[in-house]
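Please keep the structure open as you read.

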Amino acid sequence: MTTSTEVAKNYICGEWKEATTGETIKSKNPATGQLIGESQKSSAEDVDYAIKGAKTAFESTDWRLNSTRRADALMKWAMEISKNKDEIARLLTMENGKILKESIMELNACIDTLKYFSGLARNVFGRSISLSATSYGIIDKEPIGVVGIISPWNWPALLMIREAAPALAAGNAIILKPASLTPLVSIALVKCLAKIEEFPSGMVNIVTGPGKLIGDEIVTHPDVDVISFTGDTTTGKTLMKKAADKMKKLALELGGKSPNILFPDADLSKAIPTITNSIFITAGQMCFAGTRVIVHESIHKQVVERLKVEAEKIIVGNGLDDTTTMGPVVSQSQLNTVLQYCEIGKREANLVIGGNRLTGGEYDSGYFIQPTIFDQVPSDSKIIQEEIFGPVLAIQVFKDEKEAISLANGTRFGLAAGVWTKEIDRAIRVAKQVKAGTVWINTYNKNYPQTEFGGYKESGLGRTRGLEGLMEYTETKHINIEIENR
Ligand code: NAD
């Protein structure tokens, strides 16, 4: 495992290697500012070496053909993470800032995802079709080759495994590029697979370093066949343009501005705590965080009051402390961004609670922000239209169902939404009209490895998780057979 102040190395072609630059990047705890370890500041040369190794592993071993081997490898990886779960969870909290309970939740989701795709590794089914008396078609699903997986820092363990597991299950080789703010937890997960003999050397590689340099090399390298990117919509667009030159396949999981729509008959005793959790979990740094509440005018006042009471219960602090219910944001730059949006909110809407950095005592060493709620936010405000990625909730008010749907769809994003009503017809009617990849009815944040997830509009391309998530990492081939009739 990665321990404090350890200098973690890249894992390339089955070996732990230092970067050719001789330089490292420091990882600091966002709650305390303390150094927790270092990782390699890799060069394009290091990435090239890893990509070539992955290509050789893909072409020269039976990995792509041996589904039992892949199933066993993924299951053993799940077991190894399970054995080291508590230690990795602490590291995750120290590196990202999220509370320990959320770190455990994240690692449990990693284990569950690997187990699910271990099963699917043996089920990469195609189809067959009788085309005429003399013609028969096989629609085959094949692994593509080398997949570059670029992941963000907010749920760094799960978002890496969420893509690594289906890419490997389908028979591909992978290069992992974790976010520069959270490389140590990603490396700790790769350490868990290093001794599993079912993984051929070079099938899984991890290279750490600056996003643009390492990312660029992965995206433009001729031997990388698929780019799997989870991150900011703007970065996703940049990658798309760069990948266009070589027509690379892209799987993009991007940003969101997801609403919870509250109708007058909503069960508020369930809705209010669920919505509060949906925005303040991981200090609001979650792609499908419930960043907006769209509430009917008849219950508006009491919803605002009850959300305020719920937000007041949140205890902000170091995620390793048992009593803490919300940790810091991940970095100084994230803190600055969120505070800038708070200032916009103060000018354009009604501040209900929060809006400031927390200071004094231990707060001075970290990036702590008050849970923040703005009410009566105009639809064209930046705090409605832009992803803040911090603990900031914006409330909008509607008069009728049509307006609720229009407000819900009134941003460039379409990742997720919640609909709260006891009337089943209305629930389904609204769910069908909201342009989002996931719609929860009378609940929120329920995710499973077996259910597809992804974005409409600028929230992404393709789907992760589930059968479609597996198929993102395959090519489809029609093999046609001429049958001789006697
Ligand atoms: P980011 O786009 O800044 O970085 C994501 C990854 O891309 C990192 O590994 C980074 O080093 C790398 N990167 C940065 N610039 C690059 C470039 N020019 N070329 C290639 N790679 C580059 O995003 P972030 O700040 O780490 O993460 C937050 C964003 O991720 C939010 O927008 C959030 O909504 C989104 N996100 C989406 C999902 C989803 O499933 N849809 C999940 C989590 C986070």
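In this predicted model, a polar backbone atom of Leu 254 sits 2.7 Å from a nitrogen atom of the ligand. On its own, the ligand has 850 Å² of accessible area (Shrake-Rupley method, 1.4 Å probe), and the protein covers 88% of that. The polar contacts (pairs of N or O atoms within 3.5 Å) are set out here.

| Residue | Atom of the residue | Ligand atom | Distance |
|---|---|---|---|
| Leu 254 | polar, backbone | nitrogen | 2.7 Å |
| Lys 177 | N or O, side chain | oxygen | 2.7 Å |
| Arg 162 | polar, side chain | oxygen | 2.9 Å |

What surrounds the ligand? The shell holds 27 residues, each with a heavy atom within 4 Å of the ligand. Ser 151, Lys 177, Thr 235, Leu 254 and Glu 387 are the closest. By class, 13 are nonpolar, 8 polar and 6 charged. Helix 7 gives the most, with 3 residues; helices are DSSP runs (H or I) of at least four residues and strands (E) of at least two, numbered from the N terminus.

Ile 479 belongs to strand 21 (residues 474-482). Ile 479 counts as partly exposed because its relative accessibility is 35%, between the limits of 20% for buried and 50% for exposed.

Local features need pLDDT of at least 70 and side-chain atom pairs 80 or more, while totals for chains, interfaces and linings use all residues. Residues are numbered from 1 along each chain as its sequence is written, and side-chain values use heavy atoms, leaving out hydrogens and water.

Notes. Buried means under 20% relative accessible area, exposed over 50%, partly exposed in between (1.4 Å probe, protein chains only). A polar contact is a pair of N or O atoms within 3.5 Å; within protein, one must be able to donate a hydrogen and the other to accept it, and residues adjacent in sequence count only if both atoms are side-chain atoms. Ala, Val, Leu, Ile, Met, Phe, Trp, Tyr, Cys and Pro count as nonpolar, Asp, Glu, Lys and Arg as charged, and the others, Gly among them, as polar.
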